[in-house]
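Hi everyone, thanks for coming. Let me put the structure up, and then we'll walk through it together.

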Amino acid sequence: MKFVLALLHRNATADLAAAKLTTVRMLVQPAIYLFVFGYVVGGMLPTQGGGYAGIMAPGIVAISLITGPFVSVGGGVISGYYFRTMEEWLLAPVSLRAILAALVFGGLCYGLAGGAVVAVLVWGILGLAPQNVGYMVLTATAGALLFSLFTLVLLLVPETPDKGQEVFSFLMMPMTFFGCTFYSYDMLGAPFSYLALLLPTTYIAEGLRAAYSPASPHMEAGAVLAGLSLATAVLIPLADWAFRRRLRDFTW
Amino acid sequence: MTAVFVDNVAFVYPSGVKAVEGLSMRVRHGEVYGLLGLNGAGKTSVIKMLATLLRPTAGNIRILGLDPRENPAEIKRRIGVVPQENNLDTYLDVRQNLIFHCRYAGLAKTVYAPRVDEWLALLGLEGKAAESVLRLSGGTKRKAMLAKAFITGPELLILDEPTAGLDPDVRALLWDRVGEFRRNGGTVFLSTHYLEEAERLCDRVGILHGGRLVAEGTAAELAHKAGRDATQPGGVEAAFRRAVGGCQ
């Protein structure tokens, strides 16, 4: 546990040292999204059962939930590869699983922190607040955990993280835009509605959408939780396997 | 008492490259043991196996009496490592690097805070404490790496070419620190390709060539084997040239 907290503190220290970049990433980028797509464009688009801002805002929260783990877990693994900090962590008197847990916990915390900041922005810019806070926290936690694991798997299954980084860049764009972040699942027709079910962002965005406005069309809670649970259940052993396979013998 | 026990160890990289073959050696507690070899001789693979970063493909290793396969965390708690390449955290300054190194090792603030100040002073790093690692010279980075290896109070130091590319004054500082560590009962296992360093610093030297230990002994023993006068300097160099043939 000491190692987990130490690594989390290290990430926060590094982010404080790069305060301008951190502020842009956590505040300015989502604020621009919310202002342009929610406030400006949203006011122009007629939608059923409420404004477009109400449909899109939970999607922006979802994007920040998945960006946080990528920055924290991905940043840790990639700098661990390029600058050899992974070797420093592997030389710490802890098990491989403790290092894995520290990276995943860091990603979870960063995802939740990013989501919380954007939730405040949504309230400030668009005047929207979640109606079901418990469901929002549950979805957000599951989503951030899932993407922490997903980032680890994508970066560590290839031989080196630089190759994983290419795969990640290739996957992130469709996952963000086709995963029901800027529109609701209800708006999709076949076959896109079936394809969207393969993307974990769909479940995160739909869960948050339900938490923000339970009256508007959204995916059922059972489907959201089943999708997130299934993906997490697959990713936990996969992340464990990839981490051990790549780092049990440190050849970077 | 044996601090490092290596028995018939081999290591083959996933690519199929054989780095180490049939390696056996013993390092006693309180001894400074130097592993000499050309680039690509397998020194770093040996160091990584001793530091628990690589698992031997065959053979057995015991570090401070512990099996790295069974007790890697306990071994890492009791060793200090300076890897060949700098692994300082580039997002942190020098002081933060030392602090987080101690925190990763599980040390309490009351323990590590005075040690950080002590090692910054001992290695002349006070003026660089708040400096970003990215702005440090190679020598200063190496000093910071050395401070990390010492700061947790290890029983065994494992140093992979610790003075490679360093100025003579930094090299002398490292030798002083290693000497002090050894006088306090510590054991040192170091790899180097500086023959003078091996002769001056080490009680015994092993010469690694093509992943195999081709010669081992004190400087005097190696000089004798090479047909040189053991009282004259240069005995290790003669033994090294003889052991690795015309490969230099």
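How are H6(A) and H9(A) oriented to each other, roughly parallel or roughly antiparallel? Before I answer, a word on what you are looking at. This is a predicted model, where local features need pLDDT of at least 70, side-chain atom pairs count only at pLDDT 80 or more, and totals for chains, interfaces and linings use all residues. Residues are numbered from 1 along each chain as its sequence is written, while chains are lettered from A and ligands numbered from 1 in the order in which they are written. When I say helix or strand, I mean a DSSP run, numbered from the N terminus: H or I with at least four residues for helices, E with at least two for strands.

Now, back to those helices. In chain A, the axes of helix H6 (residues 133-156) and helix H9 (residues 200-212) come within 8 Å and cross at roughly 165°. Axes here are lines fitted to C-alpha atoms, for helices over the stretch in contact, and angles run from 0 to 180 degrees between N-to-C directions. H6(A) and H9(A) are therefore roughly antiparallel to each other. As for the wording, under 35 degrees counts as roughly parallel, over 145 as roughly antiparallel, 65 to 115 as roughly perpendicular, and the rest as oblique.

Which residues meet there? On the H6(A) side they include Tyr135(A) and Leu146(A), and on the H9(A) side they include Pro200(A) and Ile204(A). Contact means that C-beta atoms, placed from the backbone, lie within 7 Å. The residues of this contact of H6(A) with H9(A) split into eight nonpolar, three polar and no charged. For those classes, Ala, Val, Leu, Ile, Met, Phe, Trp, Tyr, Cys and Pro count as nonpolar, Asp, Glu, Lys and Arg as charged, and the others, Gly among them, as polar.

H6(A) has another partner. Helix H3 (residues 52-82) of chain A packs with H6(A) at an angle of about 35°, the axes being 8 Å apart. Among the residues that meet are Phe70(A) in H3(A) and Phe147(A) in H6(A). The contact of H3(A) with H6(A) has 14 nonpolar residues, five polar and no charged.

Next, where the chains touch. Chain B brings 24 residues to the contact and chain A brings 23 residues. On the side of chain B that touches chain A, H3(B) gives the most, with four residues. That side of chain B divides into twelve nonpolar, five polar and seven charged residues.

Staying with chain B, let's look at its strands. An open sheet of three strands has the order S2-S1-S4, with antiparallel pairing. Strands pair if DSSP finds at least two bridges between them. Strand S2 (18-28) and strand S4 (58-63) of chain B are the edge strands. Five bridges join strand S1 (residues 2-12) of chain B to S4(B), and Phe5(B) has Arg62(B) in S4(B) as its bridge partner.

Elsewhere in chain B, strands S8 (residues 204-209) and S9 (residues 212-217) run antiparallel, joined by five bridges. Their hairpin has two residues between the strands, and Gly210(B) there takes a positive phi near 60°.

Finally, how confident is the predictor? The model scores ipTM 0.90 and pTM 0.88. Chain B averages a pLDDT of 90, with 97% of its residues scoring at least 70; pLDDT is the predictor's confidence in each residue, from 0 to 100. Within chain B, confidence is lowest in helix H9 (residues 235-244), at a mean of 75, and highest in helix H3 (residues 94-104), at 97.

Terms used
Two residues are in contact if their C-beta atoms, placed from the backbone, lie within 7 Å.
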